[in-house]
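Let us walk through this structure one place at a time. Keep the sequence beside you as you read.

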Amino acid sequence: MNLRDPHFERRRYRRWGAYFQSKLANLLFTAELSRRLEGAKSSVTAVAAHPGSAATELGKVGTSASNAVLRKAFGAVLRGPDTGAESQVRAATDPSLAPGAFVGPRWGIAGTPRLETPSRRARNIGDAIALWEYSETATGVTFPV
């Protein structure tokens with residue numbers, strides 16, 4: 001997480017870099033929310049989910065090599081809205097998921113939703129706390145957990 005320039009105001013904007021940073025932020029924020037909910041002895045559970053390779057507008061527009069790969073190579077395995085939502089549905093409805101769980105398709109791209117292991121960067125407690133504090137400052141909202 002680059003919290004010194006999270007909106008790419010002082011560094012070159014790259015859409016994939018911004019996309020990956022946003023996905024890392026999702027996992028870090030969920031981890032810190034989960035930690036805080038557990039500390040508050042809340043009955044609420046925070047979990048994260050990703051759809052895998054879903055057919056969205058991301059990557060369709062543009063002329064870069066990544067666009068060509070997305071359009072041609074991944075076209076056959078892109079998930080539609082119904083299958084793309086499977087991980088989110090499991091995350092929202094599976095009472096057996098532990099706090100802070102991360103659900104995604106079996107092969108990372110497509111497949112039955114299963115528990116995933118977040119990257120080492122997404123498990124960095126210091127970054128999770130820093131993102132939480134940045135979020136409070138940036139929004140002017142202090143969360144009660």
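Begin with V145, which is partly exposed, because its relative accessible area is 31% and partly exposed covers the range between under 20% (buried) and over 50% (exposed). This is a predicted model, so the values here are computed from it. Where does V145 sit? V145 is found in the segment that follows α5, the helix of residues 125-139.

Now turn to the second largest pocket. How much space lies in the second largest pocket? The figure is about 220 Å³. The pocket is lined by 13 residues. M1, P6, Q21, S22 and A25 are the ones closest to its centre.

The largest share comes from α1, with 5 residues.

One more stop is A85. Find A85 in the loop that links α3 (81-84) and α4 (86-93). Is A85 buried, partly exposed or exposed? A85 is partly exposed, because its relative accessible area is 28%. Now compare A85 with H50. In sequence, A85 and H50 are 35 residues apart. In space, their C-alpha atoms are 8.5 Å apart.

How values were computed
Residues numbered from 1 in each chain as written. Predicted model: local features only at pLDDT ≥ 70, side-chain atom pairs only at ≥ 80, totals over all residues. Heavy atoms only, no water. Helix = DSSP H or I, 4+ residues; strand = E, 2+ residues; numbered from the N terminus. Buried < 20%, exposed > 50% of the residue type's maximum accessible area, 1.4 Å probe, protein only. 1 Å grid on protein atoms, 1.4 Å probe; cavity = no way out; pocket = protein on both sides within 12 Å on 5 of 7 lines; lining within 4 Å. Points joined across faces, edges and corners; volume = space filled by probe spheres on them.
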